[in-house]
Amino acid sequence: MLDSVVVDESERILFLTMAAALVSSSRQVGRLTSAARRLYSDAYPKITTHYTIHPRDKDPRWKDISMERVAEETDILIIGGGPAGMAAAIKARQIAEEKGAEVRVTLLEKAAEIGGHILSGACVDPIALNELIPDWKEKGAPMNTPVTSDKFGLLTKSGRIPLPAFRGLPNYNHGNYVVRLGHLVKWLGEQAEAAGAEVWPGCAAADLIYRDDGSLKGVATGDVGIAKDGSPKDMFERGMEFHSKITIFTEGCHGHLTKMVSSKYNLRENSEPQSYGIGLKELWEVKPENHKPGLVEHTVGWPLDKNTYGGSFIYHLKVPEGEPPLVAVGFVVGLDYSNPYLSPFREFQRFKTHPYVRPMFEGGSRIAYGARALVEGGWQCVPRVAFPGGALAGDSAGFLNVPRIKGTHNAMKSGMLAAEAAMDLIISGEATHDKGVTPTQYVDKLNESYVYKELKQVRNCRPSFHTSLGLYGGIAYSGFSTIVRGKEPWTFSHGGADHARLKPAKESQPIEYPKPDGVVTFDLLSSVALTGTNHEADQPAHLTLKDDTIPVKRNLAEFDGPEARFCPAGVYEYVPMESGDGQRLQINAQNCIHCKTCDIKDPSQNINWVVPEGGGGPAYNGM
């Protein structure tokens, strides 16, 4: 009996010892797990809180929030208030008046004011405007600077070599007009409203809506009143739905909804990936002796190397008597560049230090700055432009003529053709709210238009710069292609997507840029201040990351953080960790000027640009 008691007591002690060890081990594992979580959280902190990445139906904070939307019905819905969108709205209403048809045309624009997000050179061919509004001069269109002189040159490090610019060449601009495109678009908006179109500024289209048959039914505007952490504020309001018979997307380059609709209907299955550039621009008040109204000047070469596509423009604007002389200067860099250390913004600033260029701006005053991505792919990269319930027009489809450095006329013409096709379907009764139809007539009209003929003729110019001869081979081939008017029986490929061309940092040479002097060259943040950009601070960042770990794990590790250099607004910034160990990505979403470069050039394709609350973004004045 005593032995039994001793054994039982021994077992009890052994059991308690083992239990204590297990508890201790469990606590240690718990501590290690917590430490690991802290380490992961510190190394890869949560950045993205947007509902497109973190669905609200799985978030308990949204459990009792009503997600019902108010719906509006319209006949033709146009997304984006640039040249293409405004031309589509005006043309649709002109046809409605001619036919005596009751057709509602609604245009949504995310900028707070029409023209507020528009940025371009711009030297405009008036061919489409002449057709759309023949009496535009009498109606006061802000097209006051006809081109009087053309210059084209190749810059070396210290000199300039003149290149030809005569009739028959793409860079011949006589007959065109230097404009502040934002002002022209604002005027077009006034004409659209006068024609009977409904124009809704500050209204950001955020989501697509489909019919049961899979066709596009319309769009939903963005919700407002969402906090930065993704939770609903007390003043949360659901966006509106706009249902249409035909929706025309004219969002410009790399639009948020255009990406979605292209994916939905596989619009790019028979086209190459789009190729892009980034255009940076400043407006300067210059000394009177440096001002030559009507002069249009372009350069290629320095400061870019021969294998990096790009160039500059300097346009002299005519101004009313008594106003300071005005010059628009800009710089374009092809986003197929390979060196991750290249900064388009700093290349632009360095360009202005050239001995041929700097005297133009010395003694002057910079009054505006901005940047925007642009489509450069041309013929090879045009997607299928019609789909069930809608169409793409303007830069949403990629109708920029790169050798001419012009896209406004093609954007307007494509918008007009899309409106014609949409009106045919609506007036005939074929397009209804219940049934989505594909506006195939639009494709036929484009095929017969100067838009497609222009693009086909110059299709080989831009990709000809991809050889080992770079700039020099591209100029030589483009001259040949111009002589034969694009009738060569072959079509060059762009060779893949722009983001895939970026080389790892270890294979690239860092670039040393001169410090800004505050006279002709400037730092990034003082430049961004001139854009007037502003966003509601307490909202989820609209620069979303599919994976918050990728910026540090891949982009920083392999490419040395190119986001901090290719963004022209200081949105992306690698900052030291609070622990002092390593870096993390910080997104300054309020700086964003809606250029879309990050979505295009991110080597990991991890950034998805979506629309912020309506009215946010830059506030350009005639850029």
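What is the handedness of the crossing of α8 and α9? In this predicted model, the crossing of these two helices is right-handed.

**The pair α8 and α9**

Two packed helices are described by the angle between their axes and the distance between the axes. For helix α8, which covers residues 408-427, and helix α9, which covers residues 440-447, the angle is about 145 degrees and the axes are 8 Å apart. On the side of α8, the contact is made by Ser414, Leu417, Ala418, Glu420, Ala421, Asp424 and Leu425. Helix α9 contributes Gln441, Tyr442, Lys445 and Leu446. An α-helix has 3.6 residues a turn, so residues three or four places apart point the same way.

**The chain as a whole**

The chain contains 15 helices and 26 strands. Its overall dimensions and surface are set out below.

| Property of the chain | Value |
|---|---|
| Radius of gyration | 28 Å |
| Box filled by the C-alpha atoms, along the principal axes | roughly 120 × 65 × 55 Å |
| Accessible surface | about 26900 Å² |

A compact globule of 623 residues would have a radius of gyration near 25 Å, and the value of the chain agrees with this. Carbon and sulfur atoms hold 53% of the accessible surface. Of the 623 residues, 57% count as buried. Among contacts with a separation of 6 or more, 79% join residues 24 or more positions apart.

**A buried helix**

Helix α6 (residues 344-351) is largely enclosed by the rest of the structure, because 7 of its 8 residues are buried. The buried residues are Pro344, Phe345, Glu347, Phe348, Gln349, Arg350 and Phe351.

**A buried strand residue**

Leu585 is found in strand β25, which spans residues 583-587. Is this residue buried or exposed? Residues under 20% relative accessible area are classed as buried; Leu585 has a relative accessibility of 5% and therefore counts as buried. Leaving aside residues up to four places away in sequence, Leu585 touches Ile47, Leu545, Pro551, Val552, Tyr572, Glu573 and Tyr574.

Conventions. Residues numbered from 1 in each chain as written. Predicted model: local features only at pLDDT ≥ 70, side-chain atom pairs only at ≥ 80, totals over all residues. Heavy atoms only, no water. Axes fitted to C-alpha atoms, helices over the stretch in contact; angles between N-to-C directions. Helix = DSSP H or I, 4+ residues; strand = E, 2+ residues; numbered from the N terminus. Left-handed = near helix turned anticlockwise from the far one by under 90°. Contact = heavy atoms within 4.5 Å. Buried < 20%, exposed > 50% of the residue type's maximum accessible area, 1.4 Å probe, protein only. Rg over C-alpha atoms; globule rule 2.2 N^0.38 Å. Areas by Shrake-Rupley, 256 points an atom, 1.4 Å probe, with all protein chains shown as cover.
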